[in-house]
Amino acid sequence: MNPSNFEPLKACWPQLYQHAAFAEQYAHTDPHTVAVKLRCFAEVLVGIIYRELRLPSELTDGFFEKLKSPYFQDAVGESVCQKLHALRILGNKAAHGCSIDAQTSLSLIEEAYLLALWFYKTYSGDVLEPYPAYIPPAKASEGVAVPDTDTKAEMHAAAKEELSRLEASEKAAQAEIANLSQALDEAALVSFKHASTNASRAIDFSPSNTRRQGKIANVF
């Protein structure tokens, strides 16, 4: 079994690692749940940035509104926003029962890998720091149990419940920031944007793949 593409996240951001590593494990056998788990991955990643930079948001803002915020878009850049939208759209579609195939789940995992690479290098501040090259998740080996229909249904339901909890948790965090009247951390924002720009310049974001995901999403 190949090591996880998301191993570098494990020490500092275990929740991100857990969502992504699950997606890798079931990429071929349960693509519906994979898409929902990567939607969770995106929710957590964006929440970290909002909290640490104290980006302004309304109490009613959901994930879509956060991604559309000029503050957020300016901080992370267009390529990152496009990939987050791809995870959002297809993750939401999967949560509502739309069909997701293995090829799509594999493409979403690669998108998540690029986001993880950008996130890691942005926070490390060192674009030259080694990061593992992407390895596509392998098909289940002989002798490894493949989830049956009932197990898939249970995992899908659990992933949807987890996404709902995450959304509620993020709303609670927004309310806490509002109650504390915490102002935007301008210095941290400038530093983050600089690091984000440097990281993005060092990464091949494969925009054609992201555009393909958008076209896939539009057919649902």
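Modeller: H5 and H6 are oblique to each other, as their axes make an angle of about 140 degrees and lie 10 Å apart. Angles under 35 degrees count as roughly parallel, over 145 as roughly antiparallel, 65 to 115 as roughly perpendicular and the rest as oblique. Axes are lines fitted to C-alpha atoms, for helices over the stretch in contact, and the angles run from 0 to 180 degrees between N-to-C directions. The crossing of H5 and H6 is left-handed, a word used if the near helix is turned anticlockwise from the far one by less than a right angle (right-handed if clockwise). On the H5 side, the contact (heavy atoms within 4.5 Å) is made by Val-80, Lys-83, Leu-84, Ala-86, Leu-87 and Leu-90. On the H6 side, the residues are Thr-104, Leu-108, Glu-111, Ala-112, Leu-114, Leu-115 and Trp-118.

This is a predicted model, in which local features need pLDDT of at least 70 and side-chain atom pairs count only at pLDDT 80 or more, while totals for chains, interfaces and linings use all residues. Residues are numbered from 1 along each chain as its sequence is written, and side-chain values use heavy atoms, with hydrogens and water left out. Helices (H or I, at least four residues) and strands (E, at least two) are DSSP runs, numbered from the N terminus.

H5 also packs against H2, at an angle of about 135 degrees and with the axes 8 Å apart. H2 and H5 are therefore oblique to each other as well, and their crossing is left-handed. H2 contributes to this contact His-32, Ala-35, Val-36, Leu-38, Arg-39, Phe-41, Ala-42, Leu-45 and Val-46. Among the H5 residues in it are Leu-84, Leu-87 and Leu-90.

Next, the core. A nonpolar core is a set of buried Ala, Val, Leu, Ile, Met, Phe, Trp, Tyr and Cys residues joined through side-chain atoms within 4.5 Å. Buried means under 20% relative accessible area, exposed over 50%, and partly exposed in between (1.4 Å probe, protein chains only). The largest such core has 62 residues, of which Phe-6, Leu-9, Phe-41, Ile-49, Phe-72 and Trp-118 touch the most other members. Helices H2 (31–53), H5 (78–95) and H6 (102–124) are among the elements that give two or more residues to this core. Its largest share, 14 residues, comes from H2.

Ile-49 touches Phe-72, Trp-118 and Arg-54, among others, when residues up to four places away in sequence are not counted. Arg-54 is found in the loop between H2 and H3 and counts as partly exposed, at 26% relative accessibility. Its phi is near 55 degrees, a positive value in a residue other than glycine. Most residues other than glycine have a negative phi.

Phe-6 also has a contact with Glu-24, a residue of helix H1 (14–25). Glu-24 counts as buried, at 11% relative accessibility. The side chain of Glu-24 makes a polar contact of 2.6 Å with that of Ser-4 and another of 2.8 Å with that of Asn-5. A polar contact is a pair of N or O atoms within 3.5 Å; within protein, one must be able to donate a hydrogen and the other to accept it, and residues adjacent in sequence count only if both atoms are side-chain atoms.
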